[in-house]
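Student: I am new to this structure. Please show it to me, and then we can read it feature by feature.

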2 protein chains.
Amino acid sequence: MEDYKQDFEQELQSNSLRLTGQRMLIYGVLWENREKHLTVEEIHSILVRRGSGISVATVYRTLALLEEHRLASRLCLDDGCVRYQLQDQLEKHEHHHLVCERCGKVIDVMSDMMDGIEQQALDEYGFQVRNHRVKLYGICKECRLKESKSDKLSML
Amino acid sequence: MEDYKQDFEQELQSNSLRLTGQRMLIYGVLWENREKHLTVEEIHSILVRRGSGISVATVYRTLALLEEHRLASRLCLDDGCVRYQLQDQLEKHEHHHLVCERCGKVIDVMSDMMDGIEQQALDEYGFQVRNHRVKLYGICKECRLKESKSDKLSML
DNA sequence: CTGGGTGCAAAAGGTTTGCAACACT
DNA sequence: AGTGTTGCAAACCTTTTGCACCCAG
């Protein structure tokens with residue numbers, strides 16, 4: 001339970017990178033929010049709120065480091081801010097995201113259904129896929145329920 | 001052949017928007033480069049190079065307008081700049097992109113292979129997909145050939 | 001004519017960088 | 001001790017905005 005940082009510590013050590021307090025803090029925030037997709041600004045302000053005088057520059061630098069070492073993955077929702085999430089070390093490549101156009105919720109989806117498309121890319125274009133980013137935009141269950149309810153109310 | 005702008009003109013008219021010279025120019029550049037994915041900066045500098053004193057602000061405003069009316073689609077390759085491309089009016093939703101990690105080339109792919117994933121999203125999460133953005137990162141045919149050639153050379 | 005559209009320049013984000021001070025190893 | 005890291009602030013880059021002027025309808 002307390003060893004969640006071992007992947008990180010090991011990766012740093014084997015690359016002769018330093019295990020600093022700031023890096024641990026950032027990794028900790030990502031771990032605590034591993035089911036969420038935090039923006040850089042959110043990560044920074046969580047730490048500032050806790051009394052850490054960490055600078056934004058360090059947050060950016062550390063996140064870039066984590067991404068480079070494939071310990072975190074970057075998610076760009078085309079709304080102008082980049083989000084980060086710890087990357088599951090078991091994943092072959094990145095998972096998919098369902099983005100609700102109403103409430104903004106992001107649902108992670110594990111799926112190998114892209115295998116077919118990857119094969120097609122190779123067959124038809126000679127393109128060898130190494131990673132993919134799939135974002136499906138639509139309306140989540142809760143928002144659909146909410147909307148069908150208010151539709152019924154407005155009909156009265 | 002000369003009527004490629006009719007979709008655009010019609011859409012403007014039916015929304016009582018004005019058919020200005022600048023809008024025509026921008027639409028023209030997108031049409032000439034319809035197989036490419038131009039950044040805002042590229043579109044702007046193409047026009048400036050041709051002697052048009054158009055401002056970046058207008059380019060941004062017009063592209064936003066085109067996107068809003070689904071005449072163009074925005075592509076965000078997570079490299080900090082947004083790209084635009086005219087949208088095929090027959091497409092159900094956006095097509096997929098194969099992005100080469102070596103040369104940066106972007107290949108468009110039409111495919112309905114996402115239908116399976118969309119059904120899965122609905123079945124498992126109650127999530128109704130309305131659009132999707134799929135980017136597959138990998139290595140294109142040409143770069144693979146080039147690399148295998150230089151591999152062989154370095155072996156000598 | 002009249003209001004939508006444009007150019008300009010300033011402002012507003014978000015992200016990067018140079019440099020001196022700091023702190024892991 | 002030595003160098004990788006950090007904080008700070010300035011620089012950067014892309015995108016947005018306010019406003020006076022302009023032009024399509």
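Student: Which residue in E5(A) is the bridge partner of Val99(A)?

Tutor: In E5(A), that partner is Val106(A). Strands here are DSSP runs of E with at least two residues, helices are runs of H or I with at least four, and both are numbered from the N terminus. Two strands pair if DSSP finds at least two bridges between them. E4(A) and E5(A) pair in the antiparallel sense over 4 bridges.

Tutor: Before we go on, this is a predicted model: local features need pLDDT of at least 70, side-chain atom pairs count only at pLDDT 80 or more, and totals for chains, interfaces and linings use all residues. Residues are numbered from 1 along each chain as its sequence is written, chains are lettered from A and ligands numbered from 1 in the order in which they are written, and side-chain values use heavy atoms, without hydrogens and water.

Student: How many bridges join E4(A) to E6(A)?

Tutor: There are 4, and these two strands run parallel. Leu98(A) stands opposite Leu136(A) in E6(A).

Student: Are the faces of E4(A) covered or open?

Tutor: Start with the general idea. In a regular strand, side chains alternate between the two faces of the sheet. Buried means under 20% relative accessible area, exposed over 50%, and partly exposed in between, with a 1.4 Å probe and protein chains only. On one side of E4(A), His96(A), Leu98(A) and Cys100(A) are buried; on the other, His97(A) and Val99(A) are buried too. With 5 of its 5 residues buried, E4(A) is therefore largely enclosed by the rest of the structure.

Student: Which residues touch the most other members of the largest nonpolar core?

Tutor: A nonpolar core is a set of buried Ala, Val, Leu, Ile, Met, Phe, Trp, Tyr and Cys residues joined through side-chain atoms within 4.5 Å. The largest one has 28 residues, and Met114(A), Phe127(A), Met114(B) and Phe127(B) touch the most other members.

Student: Which residues come nearest to DNA strand C?

Tutor: A residue is near the strand if one of its heavy atoms lies within 4 Å of it. Of 18 such residues, Tyr60(A), Arg18(B), Thr20(B), Gln22(B) and Thr58(B) come nearest. Sugar and phosphate make up 60% of the DNA strand C atoms within 4 Å of the protein.
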